[in-house]
Amino acid sequence: MSVIEGESVVMEGEPMSTIERDGDGAPAPDEDLLYGVIRRLRPLHRTVVRAVERELSGTGLTAGEHALLDALHTEGPRTVPQLARAMDLDRQPVQRWVNHAVELGLAVTAPNPAHRRSSLIQLTAEGAEAIRGIQSFETAGLRQRLADLPAEDLRTALNVLDRLGEEFRHLGNGSHVPPEEPDSHGNTDARRIQPSSPDPTHKGRRRE
């Protein structure tokens with residue numbers, strides 16, 4: 001049983017709380033609900049990373065390198081600073097992943113017409129085949145386990161994750177990500193890559 005008095009809701013056996021409403025008149029999420037999102041994201045992130053690492057066993061790749069290959073597969077050739085910015089990471093770990101991918105023959109460096117001193121990183125044929133195989137394996141497993149979820153629910157989840165990612169980026173603006181550089185067409189890339197790790201199901205937006 002509940003008693004509604006103005007903007008307050010009194011639930012039997014529960015403390016009184018205040019409902020905030022957004023511009024459309026719909027109830028806005030309260031503090032407990034918002035923090036519930038944060039509370040679930042922490043273990044979810046760790047669990048997904050562990051799952052990706054387990055799937056990569058025997059490939060010689062780490063979860064971070066997997067994310068790098070996915071970013072290159074999704075967005076095409078990028079410089080290390082562009083990859084670092086898009087992945088919300090410092091340049092140093094991204095450079096290490098690039099170096100290892102080049103050693104494994106999965107990526108190569110190419111001249112950058114827009115910036116002579118900052119080479120473009122691009123996948124080799126072997127790298128593209130490797131990431132496609134990993135993605136197919138991951139997707140097949142998720143398709144089986146999430147068969148009961150309608151596609152619309154997954155689209156809603158992706159929209160919510162994108163929004164959360166943007167808001168958390170605003171909260172974490174203190175990262176030391178290098179400034180934007182123009183791409184091979186002279187344009188700066190302000191879009192964010194959504195790598196498959198830590199979220200294997202979301203490959204991000206394709207370049208138009």
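This is a predicted model: local features need pLDDT of at least 70, side-chain atom pairs count only at pLDDT 80 or more; totals for chains, interfaces and linings use all residues.
**Entry 1: the chain as a whole**

I started with burial: of the 208 residues of the chain, 30% count as buried. Buried here means under 20% relative accessible area, exposed means over 50%, and partly exposed is in between, with a 1.4 Å probe and protein chains only.

Next I looked up the confidence. pLDDT is the predictor's confidence in each residue, from 0 to 100. The chain's mean is 77, and 71% of its residues reach 70 or more. Residues 1–19 have a pLDDT below 50, and beyond near neighbours in sequence this stretch has 21 contacts in the model. Residues 189–208 are also below 50, with 64 contacts of that kind. A contact means heavy atoms within 4.5 Å.

I then checked how far along the sequence contacts reach. Among those between residues at least 6 apart in sequence, 56% join residues at least 24 apart. The accessible surface of the chain comes to about 13,700 Å², and 53% of that belongs to carbon and sulfur atoms. These areas come from the Shrake-Rupley method with a 1.4 Å probe; for residues, only the protein chains shown count as cover.

**Entry 2: helices, strands and the core**

I found 6 helices and 7 strands in the chain. Helices (H or I, at least four residues) and strands (E, at least two) are DSSP runs, numbered from the N terminus. Read from the N terminus on, the order is β-β-β-β-β-α-α-α-α-β-β-α-α.

Which residues touch the most other members of the largest nonpolar core? I got Leu-68, Leu-69, Leu-83, Val-94, Val-98 and Ile-121, out of 26 residues in that core. At least two residues each are supplied by helix H1 (31–55), helix H2 (63–75), helix H3 (80–86), helix H4 (91–103), strand S7 (120–123) and H5. H2 gives the most, with 6 residues. For the record, a nonpolar core is a set of buried Ala, Val, Leu, Ile, Met, Phe, Trp, Tyr and Cys residues joined through side-chain atoms within 4.5 Å.

While in helix H5, I stopped at Glu-126, which lies there. Leaving out residues up to four places away in sequence, Glu-126 touches Gly-105 and Leu-106. I also took the C-alpha to C-alpha distance from Glu-126 to Leu-104: 9.4 Å in space, for 22 residues in sequence.

**Entry 3: salt bridges**

How many salt bridges are there? The count comes to 5, taking a salt bridge as a side-chain nitrogen of Lys or Arg within 4 Å of a carboxyl oxygen of Asp or Glu.

I looked at Glu-75 and Arg-78, whose closest N and O atoms are 3.4 Å apart in a salt bridge. Both of these residues are buried.

Glu-167 is partly exposed at 36% relative accessible area, while Arg-163 is exposed at 56%.

Arg-169 forms a salt bridge with Glu-166, with the closest N and O atoms 2.7 Å apart. Both lie in helix H6, 3 residues apart, about one turn of the helix. Is Arg-169 buried or exposed? With a relative accessible area of 17%, Arg-169 is buried, whereas Glu-166 is partly exposed at 33%.

Asp-88 lies in the loop between H3 and H4. It counts as partly exposed, at 30% relative accessibility. I noted its backbone too: Asp-88 has a positive phi of about 55° although it is not a glycine.

**Entry 4: a patch on the surface**

Last, I looked at a nonpolar surface patch of about 210 Å², made by Leu-146, Leu-149 and Leu-154. Patches are made of residues with over 30% relative accessible area and no salt bridge: like charges are joined within 9 Å, and nonpolar side chains (Val, Leu, Ile, Met, Phe, Trp, Tyr) within 5 Å. Leu-149 lies in the loop between helix H5 (125–145) and helix H6 (151–171). Leu-149 is partly exposed, with a relative accessible area of 37%.

Conventions:
Residues are numbered from 1 along each chain as its sequence is written. Side-chain values use heavy atoms; hydrogens and water are left out.
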